[in-house]
Every structure is written in C-alpha cells, then in structure tokens.
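Subject: Structure handover, with notes on salt bridges

Dear colleague,

I am passing on the structure below, followed by what was found in it. Please have it open while you read.

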Amino acid sequence: MSDRPLVAVVVFPGSNDDRDAAWALGSVGAEPTFVWHEETSLPGGTGAVVLPGGFSYGDYLRTGAIASVAPVMSAVREFASVGGPVLGICNGFQVLCEARLLPGVLRPNRQLEFVCADASLLVEVADSLFLRRCTIGQELVIPVKHGEGAWYADEGTFVQLAARGQIVLRYTADVNGAMGNVAGVVNEAGNVMGLMPHPEHAVDPLLGSADGGLLLAALVDAAAAHRLGAA
Amino acid sequence: MKATVLVRPKEGIRDVDLEVDIADANAARAEIERMCGELLANPLIESFEIRLGGA
C-alpha cells in the first residue's frame, strides 16, 4: 500500500476534469483513484473524495441534479457523515448542493454566457480544512469555466453562513452574479467544500498559477489525517 | 427604466410526465410531491405544480 493518502475521484458520465484532478492530486502527494458512479462503496483506506468538474449526466434536469442521486453518492454521503473530507469542484460543487451536502444552489451566470477566465479570489477563512495552507485575506488566482456558477441561497441562509464562517472564498470582482461574490462554501462541520474555480488547473506556475495547489495540498493533508483517524 | 423579464418554458416544453403505481389520488400526489421536492425541482429556486390524471 502506498504511503500517499488515497483520494477517490468520482467519475460520472459527463465528467471531464476527472483526469486533470487526479493528475493534480498526484502532483501534491496523493494517490488518486477513480471511482465510477455506479459503485456503492468507496475503496478501503480512502482519505478524501473529490467530485470533479464536467457535465454529469449532460446537466439534464439541473446541473448536478441526477448525479446527486447516483449510487456512489450514498457512499460519499456516508463518508462525509463521519468527517471524511469531500471537495466538489465546479460540477462537483453543483452536485454537492443538489445533494444537500452543501447549502445553496448554482444558477446560470448573470450574463447568461459561459465564463472562462482566471479569477481572483479572496480567502475569507483560513482555519478551514481546505484552506489551511492559506492566510485570511490572501488573494488566489484560479481559473473558472462555467455557465452555471452563480451561487445563490436565501437571504437568511446567506447571513447565517457568513456568520458561521462557511463562506470561505469570494471573488474579488463580480464574475458570474454569485450572491456576495461567493466562490466557495463549506458545510457546517467544515469537512465538505465546494467551489466553482478549478484548483486542479492551477498547480503549475507554467500554466499561470500554482495557487490551486494550496487547496489540493490541504486536501491531501486532510486525507492523511482522516486515514490515520480511521485506522 | 429597469425591467424584470420573466422567461418561462411554454407548457409541455420542460414538464415531466410521471406514472406512479398508486391508485389512491392523495397517496399518489404525496409520492409525486416527494419526488419533486427531492429531485425534480429544487425548492430553493423552483416551484412546481402537480396535475393528476394526465393532460
């Protein structure tokens, strides 16, 4: 067995950033493994789960809706319920919101256009499992590429999330019409995070930024800790 | 002047036809409401209306 923490990358029909995510996770010390959506359990020793970007089930019904009830999601839900770290990227974020593992929903971009650009993000909370390698107020540059990335919640939920420190990343400018420029949120327990930007596309300065590596490396840290705790 | 434009699909365009194997109308409605609340609609951003008995 590898010393590297095992990180399960879930693959749905229509996922298209699964291989990028696996490669990026490997570059920051993980042992990535793919898990097909029809699986009903995660591999033994899984330390973290990543739901990657793409267009799961062709975005039918609503983005992430069908994937949220895929067989593998029962295992992901169970893993999260015992504190396992789960990261949803872009479509993975949409899936986690539809699965009610994260608050809110992702709506079509305000400009009704697909946006593909480097986004500047502000770290709002640094004691999050996923942002421990960052500092509060740190600016990260991580690309976005989505048509339905405008995070939305009702006003009461939004205020509550902000007060609890569950809004962990915000865009420094209006990218897609997201409420409060929210780019990433965590669940109340703090072990499930979703974000629209793609950290797996920002792990090498040659590609413009390595800031995404900070998030993924923190996830790998959390995966190692979870594996130890579960042993 | 600011305007709000409400664009909705025409009837039938995105409507979902369901068939449930439940004879009692109240029970069928309750089951369909559950399906709508859990998957077919996201109550945070969508509302739904159920019409029993076909078109």
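This is a predicted model: local features need pLDDT of at least 70, side-chain atom pairs count only at pLDDT 80 or more; totals for chains, interfaces and linings use all residues.

Residues are numbered from 1 along each chain as its sequence is written, chains are lettered from A and ligands numbered from 1 in the order in which they are written, and side-chain values use heavy atoms, with hydrogens and water left out.

Arg133(A) meets the side chain of Asp221(A) in a salt bridge, at 3.0 Å from N to O (a side-chain nitrogen of Lys or Arg within 4 Å of a carboxyl oxygen of Asp or Glu). This pair links distant parts of the chain, since Asp221(A) belongs to helix H5 (residues 212-230) and Arg133(A) to the loop between strands S6 (115-123) and S7 (139-146), 88 residues apart; helices (H or I, at least four residues) and strands (E, at least two) are DSSP runs, numbered from the N terminus. Asp221(A) is also partly exposed, because its relative accessibility is 38%.

A second pair in chain A joins Glu98(A) to Arg62(A), with the closest N and O atoms 2.8 Å apart. Here Glu98(A) sits in helix H3 (residues 91-98), and Arg62(A) in the loop between strand S3 (46-51) and helix H2 (71-81), 36 residues away. Both of these residues, Glu98(A) and Arg62(A), are buried, and together with Glu46(B) they are linked in a network of salt bridges.

In chain B, Glu38(B) forms a salt bridge with Arg34(B), at 3.0 Å between the closest N and O atoms. Both lie in helix H1 (residues 25-40) of that chain, 4 residues apart, or about one turn of the helix. Over all chains, the count of salt bridges comes to 11.

As for chain A as a whole, it has 5 helices and 11 strands, and 56% of its 231 residues count as buried. Its C-alpha trace spans about 45 × 35 × 35 Å along the principal axes. Among contacts (heavy atoms within 4.5 Å) between residues at least 6 apart in sequence, 73% join residues at least 24 apart.

Definitions and conventions:
Buried means under 20% relative accessible area, exposed over 50%, partly exposed in between (1.4 Å probe, protein chains only).
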